[in-house]
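Please look through the structure below before reading the numbered points.

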Amino acid sequence: MNAQDRTEAPGRLIGVGLGPGDPELLTLRAARRIREARVVAYPVLERGESLARSIARDFIAAGAIELPIVVPMTHDRAPAQRAYDRAAAAIAGHLSAGTDVVTLCEGDPLFYGSFMYLHARLGDRFPVEVVPGVSSLGAGTAAAQLPLVARNECLTVLPAPLEDSLLRRRLADADAAVLMKVGRHLGRVRGLLGEMGLLSGATYVERASMAGARVLPLAEAPDPAPYFSMILVTKGADPWL
């Protein structure tokens, strides 16, 4: 077989979960994959900041090619979709040439993670590896030192932007709940929990595992809340706790 007959094996798309913000919460595998990477992609805010890169910066090799993915944070999803389309095309070029691409993702790649949008665009064309990460949910419960569910209790995870009627129905059915993406929705959600008699069992967690982390009763939480915040709701139903 001559050189013209050989085909280059494609590179792997590697989604690496970085955990909730503290670099010490990276897994050993995540750190190794980042150190080995010749190409590293990561999301960047329009103003140029990248939490993902800041978490991983001590592990990125000198000389590694970096592919910032500028993702507009708007209600209109079209600009973000176009950003992921462009990023997927750039990453595909490296994968087609046989080079692995490590894509950094805050938290866990497949739990509200940005990596899933690249996986949807590239996963049927290239081999994929997913390195799980500590989720913000786990970091939040650790910061609050709060057991959320025990034995046969069920946990419900809810995005705070959901409309009130849906939140009310899901919260009523839940043994315990975590409300993510709180931000500017804190006041509305706090009022709803108060109406449902759940405020006393609600804990506010801000920037879990990061500098400036805070844990407060939800009644004392700031409004609006920062992006990296969540609400933990327990009903205390398990008699063992």
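1. A residue is called buried under 20% relative accessible area, exposed over 50%, and partly exposed in between (1.4 Å probe, protein chains only). By this scale Arg207 is partly exposed, with a relative accessible area of 30%. Arg207 sits in the loop between E8 and E9; here helices (H or I, at least four residues) and strands (E, at least two) are DSSP runs, numbered from the N terminus. Its phi is near 55 degrees, a positive value in a residue other than glycine.

2. The model is predicted, so local features need pLDDT of at least 70 and side-chain atom pairs count only at pLDDT 80 or more, whereas totals for chains, interfaces and linings use all residues. Residues are numbered from 1 along each chain as its sequence is written, and side-chain values use heavy atoms, with hydrogens and water left out.

3. The protein contains 7 helices and 10 strands. Its C-alpha atoms fill a box of roughly 75 × 40 × 35 Å along the principal axes. Of its 241 residues, 46% count as buried. A contact means heavy atoms within 4.5 Å. Among contacts between residues at least 6 apart in sequence, 70% join residues at least 24 apart.

4. Which residues of the largest nonpolar core touch the most other members? A nonpolar core is a set of buried Ala, Val, Leu, Ile, Met, Phe, Trp, Tyr and Cys residues joined through side-chain atoms within 4.5 Å. The largest has 21 residues, and Leu171, Leu179, Leu193, Leu218, Ile231 and Val233 touch the most other members. At least two residues each come from helix H6 (164-173), strand E7 (176-180), helix H7 (186-195), strand E8 (202-206) and strand E10 (229-234). H7 gives the most, with 4 residues. Apart from this core lies another, of 20 residues, among them Leu26, Val40, Tyr42 and Val102. In soluble globular proteins, nonpolar side chains tend to be buried together.

5. Leaving aside residues up to four places away in sequence, Leu179 touches Leu158, Ala160, Leu167, Leu171, Val189, Leu193, Met230, Ile231 and Val233.

6. What does helix H5 pack against? In H5 (residues 136-144), the buried residues are Leu137, Ala139, Gly140, Thr141 and Ala144. These pack against strand E6 (155-159), E7, E8, strand E9 (214-217) and E10. Just after H5, Gln145 takes a positive phi of about 50 degrees.

7. Two further backbone details deserve a look. Most residues other than glycine have a negative phi, and most peptide bonds are trans. Arg151, which is not a glycine, has a positive phi of about 45 degrees. Arg151 lies in the loop between H5 and E6 and, at 51% relative accessibility, counts as exposed. The peptide bond from Asp223 to Pro224 is cis, with omega near 5 degrees. Pro224 is found in the loop between E9 and E10.

8. How many disulfides does a search of the whole structure find? The search finds 0, where a disulfide is a pair of cysteine sulfur atoms within 2.5 Å. Cys105 is buried, with a relative accessible area of 1%, whereas Cys154 is partly exposed at 48%.
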